[in-house]
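Trainee: I would like to take a close look at one part of this model with you. Could you walk me through it and then show me how it sits in the rest of the chain?

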Amino acid sequence: METLPNQFERRAVDGSKSRLVELEAELSQSHDNLGRLASQLDRVNQDLERLTNYDSLTGLANRALFYDQLTSFIALARRESHKLPLLVLDVNAFKDINDSLGHQAGDNVLKEVAKRISRVVRDSDTAARLGGNEFGIVLPTAVTIDGAIVVAQKVANAVEAPMQIDGHRLVLGVSIGISLYPDNGMDEKGVVSLALVAMEEAKRSGGGFVACAPDQSKAPASQVILAGDIRDAIDQNELILHYQPKVAMKDGRVIGAEALVRWNHPHQGLIYPDSFIPLVERTGLINSLTLTVLDMALAQARIWQDSGNPMSISVNLSSRALHDARLPEHISERLRFHNVPPEGLILEITETAIMIDADKAMEVVTSLSELGVDIAIDDFGTGYSSLAYLRRLPAREIKIDRSFVLNMHKNVDDKTIVRSVIDLAHNLGMKVVAEGVESREIYDLLKSMDCYCAQGYYISRPVDDEEFSCWLDDPVWEGQALSAAQTPAMAPAERT
Ligand code: C2E
Ligand code: CA
Ligand code: CA
């Protein structure tokens, strides 16, 4: 039988209950405190991580995190057998900014530079302040030197755009060095030190960027030509043009000339483009070179037009020039300045340059052809362009690479290739220029294949403006073409 609890027992139960309520309240407060403590701990941890991994001034990764990331990206690149580009950059004349405007302004410049770098690079890239006015960027998704050069150009454009600092309008210059794992170093120290060497080289040449050569694994002490020399060559008008005629095969008329750059070096004499264009292409100087050549070529075209020899002038564009977004604008401005109609200019772009970045090439080539200038696909046959792509490209001319033309009279395969290219171009409504025409035999063969235009030593070697003008007055090759002569025309020998 159940007995009722006596008074004493009831009090004890009530006491226990209220104690339980108290304990529950204490427990929930402890929970709250614990939660607060945990989030405080989180914040401390975050601060600690920021302090150890991030630069307090700019908020970018610091040197330690940069090297950590670089090490892991190199390990990944090694496992997956791909390349990893690295950029190191510094702000030119930063000391002058500090000295003249004070350290606060200097700090604000660094913050602004960091902000601009962050806007240009992708989230997957690591941008860091390595110390002082030096920054580093690892580009795990840009696996080629070309990709890295595009980013370098974007970073340079962003940082060099005018900025407003403490009431002053500043226009900074940057020097960027580019290196690539594993071409320029097998570990983080190796690639960083080569990027620094390239950056110093860019600085000596007055800014812009310099990429290490693919086989460069130490300082380029043995490199004969440095970027700085090229800048001097451009500034001191040491670049000159030689011209090589293009003749229409149906009547032998001179319809144009190709402008070919040479460096008239004060001590070494004439230096040919193969010796310096590859270096210039690895620097931002390629844009100045292109514009210098364009200017000289258009000035010459004007002279020939005024003297009763209207003909087109062909200028070579390197693959890097295609990445200069302002190229169409510059070209249009130079055409107006020299009063040369757009159809008087042909821009030669190699098939390989077009295929390196087909979308970009399509965009630039389209805007160039909208100006009214003609586009020629140079060195055709050496790249891997597809027929479908060619059809969409607004190019009017195909230049068959000289390697197919030189021996086409002896080599059946070469002859077949040349014939097919001519047929293909005709089907696409394009004109064919054969380069490397060294003999009457080749000339006649091409003519029988209905080739539109010929260029080569048989007609004339490239010569300077004066010799070209004399040759125009008396183009001796035509007489030779009509005789049975097999030897190249007697235009002044250029290169032996
Ligand atoms: P390219 O565009 O294929 O130019 C034609 C080259 O073939 C020229 O060499 C010319 O001298 C040579 N050539 C012409 N006819 C014959 C021939 O019958 N037989 C042989 N064996 N060769 C012939 P060059 O002047 O040394 O130029 C070499 C390359 O340098 C050019 O090849 C072009 O890619 C580049 N280049 C020249 N000028 C410029 C320039 O202003 N800008 C850029 N980006 N590249 C240039
Ligand atoms: Ca060419
Ligand atoms: Ca060519």
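Trainee: Which residue in S11 is the bridge partner of Ala257?

Mentor: Happy to look at that with you, bearing in mind that this is a predicted model. The bridge partner of Ala257 in S11 is Ile313. That pair belongs to the contact between S9 and S11, which run parallel and are joined by 4 bridges. Strand S9 spans residues 254-265 and is mostly covered, with 11 of its 12 residues buried.

Let us stay with S9 and go through its other partners. Strand S8, residues 239-248, runs antiparallel to S9, and 9 bridges join the two. Within this pairing, Leu239 has Trp263 of S9 as its bridge partner. S8 and S9 form a hairpin with 5 residues between the strands, and Gly252 in this hairpin takes a positive phi near 75°. Strand S10, residues 269-271, also pairs with S9 in the antiparallel sense, here over 3 bridges. Asn264 stands opposite Leu270 of S10, and the hairpin that S9 and S10 form has 3 residues between the strands.

The calcium ion (ligand 2) has four protein donors: Glu258 through OE, Asn316 through OD1, Glu348 through OE and Asp378 through OD, at 2.1 to 2.3 Å from the ion. Along the sequence, the spacing of these donor residues reads E-x57-N-x31-E-x29-D. Distant parts of the chain are linked here: Asn316 sits in strand S11 (residues 312-317) and Asp378 in strand S13 (residues 374-380), 62 residues apart. What about their surroundings? Asn316 is partly exposed, with a relative accessible area of 30%. Asp378 has a relative accessible area of 5%, so it counts as buried.

Ala93, not a glycine either, has a positive phi of about 50°. Ala93 lies in the loop between strand S1 (84-91) and helix H3 (94-101), where it is partly exposed, with a relative accessible area of 46%. Asp450, which follows helix H16, has a positive phi near 70°. H16 itself covers residues 440-448, and its buried residues are Arg440, Ile442, Tyr443, Leu445 and Leu446. One more backbone feature is worth a stop: the peptide bond from Tyr181 to Pro182 is cis, with omega near 0°. Pro182 is found in the loop between strand S6 (174-181) and helix H6 (188-204).

In soluble globular proteins, nonpolar side chains tend to be buried together. The largest nonpolar core in this model has 82 residues, and Phe276, Leu345, Leu347 and Leu446 have the most contacts inside it. Helix H9, residues 285-306, gives the most to this core, with 9 residues. A second, separate core has 34 residues, including Leu87, Ala114, Val121 and Ala142.

Finally, let us step back to the domains. The domain assignment divides the chain into domain 1, residues 63-216, and domain 2, residues 225-479. Their centres, taken over C-alpha atoms, are separated by 35 Å. Domain 1 brings 13 residues to the contact and domain 2 brings 12 residues. Between them, about 1,100 Å² is buried, with 54% of that area coming from carbon and sulfur atoms. On the domain 1 side, Asp146, Glu201 and Ser205 lose the most area to domain 2, and together they account for 39% of what that side buries.

Technical notes. Residues are numbered from 1 along each chain as its sequence is written. Chains are lettered from A and ligands numbered from 1 in the order in which they are written. This is a predicted model: local features need pLDDT of at least 70, side-chain atom pairs count only at pLDDT 80 or more; totals for chains, interfaces and linings use all residues. Side-chain values use heavy atoms; hydrogens and water are left out. Donors are N, O and S atoms within 2.8 Å of the metal (3.2 Å for Na, K and Ca); water is not among the atoms, so sites may look incomplete. Buried means under 20% relative accessible area, exposed over 50%, partly exposed in between (1.4 Å probe, protein chains only). Two strands pair if DSSP finds at least two bridges between them. A nonpolar core is a set of buried Ala, Val, Leu, Ile, Met, Phe, Trp, Tyr and Cys residues joined through side-chain atoms within 4.5 Å. Domain bounds come from an automatic or database domain assignment. Contact means heavy atoms within 4.5 Å. Buried area is the accessible area (1.4 Å probe) that two parts lose on being put together, summed over both.
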